[in-house]
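This briefing goes through one structure by topic. Please keep the sequence and the 3D view at hand while reading.

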Amino acid sequence: MPHKTAKTVAKATGSKATASKVTASKIPAKAAAKTAAHKPAAPKAAKPVAAAPRVEEKKVLTQRQGFKTNEFVVYPAHGVGQILAIEDQEIAGAKLELFVINFMKDKMTLRVPTAKVANVGMRKLSEPALVKRALETLKGRARVKRTMWSRRAQEYEAKINSGDIVAIAEVVRDLYRSESQPEQSYSERQLYEAALDRLSREIAVVQHSTETEAVKEIESQLAKSPRRGAKTETEAGAEGDAEGEGDDVDTEGDAAVEDEAA
């Protein structure tokens, strides 16, 4: 009996030890659970929706290329115009943001998608330094290539429609005729007046003057340019006679129609 009692005591002691181990293994888990329950909740991550307006605003500003309402801009095919408004329109089921540009002298209003301004070459007005450079260009010697007039006319038209103020000034310089020089042909005169109109409009807006004052400034600069040599004038006259003015007018008319259709 004493032997059995000792075994029973030993078994009881072993059971208690096992129970202690089990209890000990469970305590950390409970303590961890309690600790986690008492910890302050982590702040929730910011919702991505909050950043959306900034991204959208940045996208709109990038799309508009920095152009604003009431600002004067240069549209290569038409010259200087003013942005009257920025409006949204739905075209063929797609929503488009458009610049509404008014060309007062031409009595024309143009709507240009804001996403296409870079493609069409629309730009801000030239800086005063660039305007000064264009005026200096007018004082240079005229450079007339010894090629057929039709090819030169196309080059002049390309420069006028490029929107580059210095390139337009080069056309004005090359086609200018003083009173002592031979008269211009009809096609030459038309190109000269188109280039002069584009140049004077931009200079007037940049310098906050009238177009009449701008034209006078341009003509005063042209008066300082060296006169063309007799050889150049003779060659130009011979080329004009050989090619025929009637053909020039028809060619330019076709080109103008193509530009408008494009």
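**Aromatic pairs and overview**

The structure holds 4 aromatic pairs, where rings of Phe, Tyr and Trp (its six-membered ring) pair if their centres lie within 6.5 Å, with planes under 30 degrees apart counted as stacked, over 60 as edge-to-face and the rest as tilted. This is a predicted model, in which local features need pLDDT of at least 70 and side-chain atom pairs count only at pLDDT 80 or more, while totals for chains, interfaces and linings use all residues. Residues are numbered from 1 along each chain as its sequence is written, and side-chain values use heavy atoms, with hydrogens and water left out.

**Two of the tilted pairs**

- The rings of Trp-149 and Tyr-156 have centres 6.1 Å apart and planes at 50°, so this pair is tilted.
- Both Trp-149 and Tyr-156 are buried, a class that means under 20% relative accessible area, as against exposed at over 50% and partly exposed in between (1.4 Å probe, protein chains only).
- The rings of Tyr-176 and Tyr-192, with centres 6.4 Å apart and planes at 45°, also form a tilted pair.
- That pair links distant parts of the chain, as Tyr-176 lies in the loop between helix 6 and helix 7 and Tyr-192 lies in helix 7, 16 residues apart; helices (H or I, at least four residues) and strands (E, at least two) are DSSP runs, numbered from the N terminus.
- Tyr-192 has a relative accessible area of 6% and is therefore buried.

**Helix 6 against helix 7**

- Helix 6 (residues 165-175) packs on helix 7 (residues 186-207) at an angle of about 140°, with the axes 9 Å apart; axes are lines fitted to C-alpha atoms, for helices over the stretch in contact, and angles run from 0 to 180 degrees between N-to-C directions.
- The two helices are therefore oblique to each other, given that angles under 35 degrees count as roughly parallel, over 145 as roughly antiparallel, 65 to 115 as roughly perpendicular and the rest as oblique.
- On the helix 6 side the contact (heavy atoms within 4.5 Å) is made by residues including Ile-165, Ile-168 and Val-172, and on the helix 7 side by residues including Leu-191, Tyr-192 and Leu-199.
- The residues of this contact comprise 11 nonpolar, no polar and 3 charged, where Ala, Val, Leu, Ile, Met, Phe, Trp, Tyr, Cys and Pro count as nonpolar, Asp, Glu, Lys and Arg as charged, and the others, Gly among them, as polar.

- Because 10 of its 11 residues are buried, helix 6 is largely enclosed by the rest of the structure.
- Among the buried residues of helix 6 are Arg-173 and Asp-174.
- The buried residues of helix 6 pack against strand 5 (123-124), helix 4 (128-138), helix 5 (149-160), helix 7 and helix 8 (211-222).

**Loop residues with positive phi**

- Asn-70, in the loop between helix 2 (52-64) and strand 1 (72-75), has phi near 75°, a positive value in a residue other than glycine, and is exposed with a relative accessible area of 53%.
- His-208, in the loop between helix 7 and helix 8, has phi near 55° and counts as exposed at 74% relative accessibility.

**Ile-83 in strand 2**

- Ile-83 belongs to strand 2 (residues 79-91) and, at 0% relative accessibility, counts as buried.
- Leaving aside residues up to four places away in sequence, Ile-83 touches several residues, among them Phe-67, Asn-70, Val-73 and Phe-99.
- Ile-83 and Val-73 stand 10 residues apart in sequence and 7.3 Å apart in space, C-alpha to C-alpha.
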